[in-house]
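We will walk through it stop by stop, sheet by sheet and then into the cores.

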Amino acid sequence: MALALSLGRRGQGNAWPNPAVGCVVVRDGRIVGRGWTAPGGRPHAEPQALAQAGRLAQGATAYVTLEPCAHHGQTPPCTDALIDAGVARVVVALEDNDPRVAGKGLALLRAAGIDVNTGVLAERAAQDLAGFRLVRGQGRPWLTLKLANSFDGRIATATGESQWITGPQARRAVHAMRMTHDAVMVGAGTARADDPSLTVRDIGAARQPVRVVVSRRLDLPLSSKLARTAREVPVWLCHGPDPDGPLADAWDGIGAKRLPCAVIGGQLDPGSVLSELATAGLTRVFCEGGGALAASLLAAGLVDELVGFSAGVVIGAEGRPAVGVMGVARLAEAPRFKLVETRALGGDVLHRWWRTPA
């Protein structure tokens, strides 16, 4: 199952809107088939592993990280593939919370006389598949917030200079993290100030992440890198219900996808933004700021993972903070996260945190 989980992670960032699943087929103590969800979500992991196993799948054990699907979509159910292959046993890490499956896959396997075991490495599987499960359970994707800042929490000098606070190893790690997410998201201020590409570079990516910009008024430069490459790599714009008409038409004309979102208190509602992204198929979103967007997501309790890159440079109070105003008056009101990893990357420090349940 540990191998199946590692195979499933290969699909992260590539498999949406489907879950990134891994499957290993074992016969007489020997691995005879391996598979993981292909880019675009198809083929699924199980039929790939069974195809590799061939006739050796008869009487074998299949280890799958998520309950096999039991419904007809664009491909036949994976339960049918396992039954037709003649496997004797299926070991599942995690039951699927998708209403179309939700125990039906396990029931079909048992009805066919297959021995079924569940819950093997379930906690690790739940973490790997958290985005898909959040979409099905809460209608929003998993959100990772990345902040690269100075030792004193600044992302730029007072004049806006920010390239580069962290070193090349940290920047390469960011590209690797982008690759494991379905989308990279920034606020309008960051898009205007930095003119980012938001692509995965210098690492072989099977599928570039969607570039998402949160901009209530769509007041984004049409001369930007995002605009110039919108037909090559998807650009999605989350905006308010009443964008400027000519700007909306211009972005439509260059191939961008627009997602109208609700407004609360004069600002885009972050919950509505994530809901629209989930409806459009995204399961894992990598947010790279800026400060106002980061603050709104944190204040709304929508950040599942914090990734920090801290550099050994001090900018001072006049620098631009990594997180904008949140209105926290008491420590008890501040969102809390649990440290899960820390390590040195060149001259910088990487630290990862997961949200502490309320």
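Contact here means heavy atoms within 4.5 Å. Helices (H or I, at least four residues) and strands (E, at least two) are DSSP runs, numbered from the N terminus. Axes are lines fitted to C-alpha atoms, for helices over the stretch in contact, and angles run from 0 to 180 degrees between N-to-C directions.

This is a predicted model, in which local features need pLDDT of at least 70 and side-chain atom pairs count only at pLDDT 80 or more, while totals for chains, interfaces and linings use all residues. Residues are numbered from 1 along each chain as its sequence is written, and side-chain values use heavy atoms, with hydrogens and water left out.

**Stop 1**

Select residues 45-53, helix α2, which lies across β1, β2 and β3 (61-64) and runs at about 145° to β2.

Two strands count as paired if DSSP finds at least two bridges between them. Show the strands themselves: the open sheet has 5, in the order β2-β1-β3-β4-β5, and its pairing is mixed. At the edges stand β2 (30-36) and β5 (115-118), each with a single partner strand, so one side of each has no neighbour in the sheet. On average, neighbouring strands here are turned by 15° against each other, direction ignored.

Zoom in on β1 (22-27), which pairs with β2 in the antiparallel sense over 6 bridges. Pick G22, and you will find W36 as its bridge partner in β2.

**Stop 2: the sheet of 9 strands**

Next, follow the open sheet β11-β10-β9-β8-β14-β6-β15-β18-β17, whose 9 strands have mixed pairing. Its edges are β11 (257-260) and β17 (337-345); each has a single partner strand, so one side of each is left without a neighbour in the sheet.

Select β8 (183-187) and β14 (284-287), parallel strands joined by 3 bridges. V184 stands opposite F286 in β14.

**Stop 3: the cores**

A nonpolar core is a set of buried (under 20% relative accessible area, 1.4 Å probe, protein chains only) Ala, Val, Leu, Ile, Met, Phe, Trp, Tyr and Cys residues joined through side-chain atoms within 4.5 Å. Which residues touch the most other members of the largest nonpolar core? Of its 33 residues, they are V25, L82, V87 and V90.

Centre on V87: leaving out residues up to four places away in sequence, V87 touches L50, A57, G59, A60, L82 and I114. Apart from this core lies another, of 29 residues, including L145, M185, L277 and L306.

Notes
Buried means under 20% relative accessible area, exposed over 50%, partly exposed in between (1.4 Å probe, protein chains only).
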